[in-house]
Amino acid sequence: MIHCWRLEADGSANVAGLHLLAMEKLISCIQDAMYDEQIYSHLIHETLSFHSDMCQLYDYPASEPSCIHVLTAEDPFKRWLHIEKKSG
């Protein structure tokens, strides 16, 4: 996976590699985090913040695969909605 960290002239490979790494980490921990509402809510907040920063500061295309895709998979998204409804 070293090739995804090779910098292109515009830095796009570095940003894409960072996003892939974040997605892999999120996939590996999301199932455990979903069982604790406080941890899961924090994970959602941090993930949305990360995605926003990547898009705004580094011009990461919103159409590319991102951590948002992980959060909006069926089970994580249902849990997210449940927490939102409960706290709303």
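This section describes the salt bridges of the structure and the setting of one histidine.

The structure is a predicted model, in which local features require pLDDT of at least 70 and side-chain atom pairs count only at pLDDT 80 or more, while totals for chains, interfaces and linings use all residues. Residues are numbered from 1 along each chain as its sequence is written, and side-chain values use heavy atoms, with hydrogens and water left out.

The structure contains 3 salt bridges, each defined as a side-chain nitrogen of Lys or Arg within 4 Å of a carboxyl oxygen of Asp or Glu. Glu-37 pairs with Arg-79 at 3.8 Å, N to O. This pair links distant parts of the chain, Glu-37 in helix α2 and Arg-79 in helix α4 (residues 74-87), 42 residues apart; helices are DSSP runs (H or I, at least four residues) numbered from the N terminus. Glu-37 also forms a salt bridge with Lys-86, with the closest N and O atoms 3.0 Å apart. Because Glu-37 lies in helix α2 and Lys-86 in helix α4, the pair ties together parts 49 residues apart in sequence. Glu-37 is partly exposed at 27% relative accessibility, and Lys-86 is exposed at 57% (buried, under 20% relative accessible area; exposed, over 50%; partly exposed, in between; 1.4 Å probe, protein chains only).

A salt bridge also joins Lys-78 to Glu-74, the closest N and O atoms being 3.0 Å apart. Both residues lie in helix α4, 4 residues apart, about one turn of the helix. Salt bridges with shared partners join Glu-37, Arg-79 and Lys-86 into one network.

His-51 is located in helix α2 (residues 37-58) and is buried, with a relative accessible area of 14%. Beyond its neighbours within four places in sequence, His-51 contacts His-19, Ser-66 and Ile-68, where contact means heavy atoms within 4.5 Å.

Definitions and conventions. Helix = DSSP H or I, 4+ residues; strand = E, 2+ residues; numbered from the N terminus.
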